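Good morning, everyone, and thank you for making the time. I would like to walk slowly through one structure with you, so please have a look at it before I go on.

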Amino acid sequence: MSSDRLDELIRDRLSPDGQVLSLKAQFIREIGAKALAQKEELKNLRALDLTQNDIGDEGVKAIAESEIFSNLRTLNLKSNRIGDEGAKSLANSKTLKNLRSMQLVVNDLSEEGEKALRNSTALVSLSSLKFRV
């Protein structure tokens, strides 16, 4: 995923108020997720849809650790090959404290990953957590 391609996707898909970004099925992969986590223009984002992007554990770790996403309320990570390591990154995130809703349907989480998220003390605002359809 080239930087130009990612910039183009953001330009085309970011809502005019800068609060909603849907990158559903754009296959940005881990490299795209890491680049996204450094985009200053996304600091007002409230909702991010990364459904079907193959970001994996490393990609989700970059998102979970990025200050850029500290205002996120909704995060859709459906179908992204996220396993227990990625779940732990999310569960321990110091920056996603405003997150209210997260979808992790169709990923590679075991009971351990689900438990880490359910018992997270970092995701203080989370009220909706979905693992299954």
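Let me begin with a definition: when I speak of a helix axis, I mean a line fitted to the C-alpha atoms, taken over the stretch in contact, and the angle between two such axes runs from 0 to 180 degrees between their N-to-C directions. Please also keep in mind that what you see is a predicted model.

With that in hand, we can turn to a pair of helices. The axes of H3 and helix H4, which spans residues 84–91, come within 8 Å and cross at roughly 5°. Because angles under 35 degrees count as roughly parallel, H3 is described as roughly parallel to H4. On the H3 side the contact is made by Asp57, Val60, Lys61 and Ala64, while H4 contributes Glu85, Gly86, Ser89 and Leu90.

Next, the sheet. Strands of a sheet pair through backbone hydrogen bonds, either parallel or antiparallel. Here we have an open sheet of 5 strands in the order E1-E2-E3-E4-E5, and the pairing is parallel. Its edge strands, E1 and strand E5 (128–130), each pair on one side only, and from one strand to the next the twist averages 0°. If you look at E2 and strand E3, residues 74–76, you will find them paired in the parallel sense over 3 bridges, with Ala47 standing opposite Thr74 in E3.

Now to helix H1, residues 3–13, in which Leu6, Leu9 and Ile10 are buried. Why do these residues lie on the same side of H1? The reason is that they cover an arc of only 95° around the axis, which puts them together on one side of the helix. The face of H1 turned away from that buried side carries the exposed residues Asp4, Arg11 and Asp12, whereas the cover over the buried residues includes strand E1 (20–22) and helix H2 (29–36).

Is Thr51 buried or exposed? Its relative accessibility is 4%, and since buried means under 20%, Thr51 counts as buried. The side chain of Thr51 makes a polar contact with the side chain of Asp49, at 2.6 Å. Leaving aside residues up to four places away in sequence, Thr51 also touches Leu23, Lys24, Ala25, Asn76, Lys78 and Asn80.

Technical notes
Residues are numbered from 1 along each chain as its sequence is written. This is a predicted model: local features need pLDDT of at least 70, side-chain atom pairs count only at pLDDT 80 or more; totals for chains, interfaces and linings use all residues. Side-chain values use heavy atoms; hydrogens and water are left out. Buried means under 20% relative accessible area, exposed over 50%, partly exposed in between (1.4 Å probe, protein chains only). A polar contact is a pair of N or O atoms within 3.5 Å; within protein, one must be able to donate a hydrogen and the other to accept it, and residues adjacent in sequence count only if both atoms are side-chain atoms. Contact means heavy atoms within 4.5 Å. Helices (H or I, at least four residues) and strands (E, at least two) are DSSP runs, numbered from the N terminus. The arc is that of the directions from the helix axis to the C-beta atoms. Two strands pair if DSSP finds at least two bridges between them. Angles under 35 degrees count as roughly parallel, over 145 as roughly antiparallel, 65 to 115 as roughly perpendicular and the rest as oblique.
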